[in-house]
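Hi,

Here is the structure I promised you. Have a look, and my notes follow below.

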Amino acid sequence: MEEIQASGFDKYFVDHTVGLWPQSAGGIPFNACEFQSKGDPITDLVEDMAAEQKARTTYDNILRLAKDPDICDPIRFLRAREVVHFQRFGEGLRMVQEQLDSRNFYACNPAFDKNC
């Protein structure tokens, strides 16, 4: 208990003991507001790409702070996975854009507006 209190995890411990509970590094609990979806293929793919970049940046920051190989090795794997996801979403965005009228990317949503 002294180690938990000294590390600053005592408030977390009160709510969750030693169980995992998704939250940000600042202690903000996960909630459904984290999901972003508009139903527009371009909007959603750009949002997906941004989420992958944000995750990659978080892993970069962890790697800047951590020195233990047992921590760094899995984080490097997760970081590499985010890079691949970003690339795949980028490929999907390119394919969607190739199917659209390039002069009309943002004028309407072709999934709903048939007159695009």
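A residue is called buried under 20% relative accessible area, exposed over 50% and partly exposed in between, with a 1.4 Å probe and protein chains only. Glu82 comes out at 6% relative accessibility, so it counts as buried.

Before the rest: this is a predicted model, where local features need pLDDT of at least 70, side-chain atom pairs count only at pLDDT 80 or more, and totals for chains, interfaces and linings use all residues. Residues are numbered from 1 along each chain as its sequence is written, and side-chain values use heavy atoms, without hydrogens and water.

Glu82 sits in helix α4 (residues 69-99), while Glu52 belongs to helix α3 (residues 41-65); helices here are DSSP runs of H or I, at least four residues, numbered from the N terminus. Leaving aside neighbours within four places in sequence, Glu82 is in contact (heavy atoms within 4.5 Å) with Glu52, Ala55, Arg56 and Tyr59. On the same terms, Glu52 is in contact with Glu82, His85, Phe86 and Phe89.

Glu52 is also buried, yet has no salt bridge, meaning a side-chain nitrogen of Lys or Arg within 4 Å of a carboxyl oxygen of Asp or Glu. What is the nearest side chain of opposite charge to Glu52? That is Arg81, 6.5 Å away (Lys and Arg count as positive, Asp and Glu as negative; His and the chain ends are not counted).

Cheers

Technical notes: Helices (H or I, at least four residues) and strands (E, at least two) are DSSP runs, numbered from the N terminus.
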